Amino acid sequence: MAWLQPLDSIAPEDLAPLGDHLYYLGRLQRQQLPVISGWLVPAASWPQLWRRAAAQSPVLATTQTTLDQTNLQQEFASLQRLSQQGQAAFRQIPLEATLMAELEQWPHLTWWIQAYLGGDLGALGRGLLLAQTGCRPDQSLGQALREFWSQVLSAPNLLLWQHYRQPLDQLPLTTLITPIYPALASGRLRLRDQSAELEAILGLDLPSAQGEAWQARCRVDLPASSPLAWQAGRQDLIYQLDLGEGSASLAVHPRGDPAVPSPLIPAQVEDLLNL
């Protein structure tokens, strides 16, 4: 089977397993609108990934039994041990050769990995697994995915799976892999019938994705007829991407003043709205 699917391959029947955000992102790309391209590791692949890992690790093989038989909320030491040993074990197991062969075809120097939960867990949001970024030659995309997926076994997530009685081999987990591009500012634009809402941060949107900052926000009437009124954001660090010939690096720069009163000038907002 093919492990990876292009984002624009999303079909109407994928709405329930993918959730609104990822589904409509794929639909927008399919209509050739200016959204980022990417690959999916669909939720249907997760059971095979987990069962293969559990078959190769005694630690992972007993993790589900521990979840079923131990009240981890009352046994912090057991929770901590299960999480630490489980994540370490998962990171050590090589991915299946066919998946690695497909990952080798990734045409970009950089990647941004995000997780989406579908079904009844979709309302929990995308923050359960922290977004993972990386670039060649520092590591391979396969290594990055192993580290990313090991977060399934973080202590907060183990408590969550136990609370919802969610078997580890049946997680509705879809993984999105997208390239990273240099950016003066980044964020989200939400278009409504007569207005638009904009959230933005300076540089790459890594601080807010990792809980280190909050974005500046503004609302714009359509068509725009009044000056922009920003609600200031805050960030202590700016993440920037430097692309070289055959290599890339992520640089982090501290900011003297963490306040972000207006990350975009009016002309830049107008360009966004004209897309």
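The model is predicted, with local features requiring pLDDT of at least 70 and side-chain atom pairs pLDDT 80 or more, whereas totals for chains, interfaces and linings use all residues. Residues are numbered from 1 along each chain as its sequence is written, and side-chain values use heavy atoms, with hydrogens and water left out.

Strand 3 (residues 110-117) and strand 5 (residues 173-178) run antiparallel and are joined by six bridges; Leu117 has Leu173 of strand 5 as its bridge partner.

In helix 2 (residues 20-30; helices are DSSP H or I runs of at least four residues), the buried residues (under 20% relative accessible area, 1.4 Å probe, protein chains only) are Leu22, Tyr23, Leu25, Gly26 and Gln29. These residues lie on the same side of helix 2 because they cover an arc of only 160° around the axis, the arc being that of the directions from the helix axis to the C-beta atoms. They pack (contact: heavy atoms within 4.5 Å) against helix 1 (15-18), strand 2, strand 3 and strand 5. Just after helix 2, Gln32 adopts a positive phi of about 65°.

Beyond neighbours up to four places away in sequence, Trp149 touches Val41, Trp46, Leu49, Phe90, Leu95, Leu99, Leu173 and Thr175.

Technical notes: Pairing = 2+ DSSP bridges. Helix = DSSP H or I, 4+ residues; strand = E, 2+ residues; numbered from the N terminus. Buried < 20%, exposed > 50% of the residue type's maximum accessible area, 1.4 Å probe, protein only.
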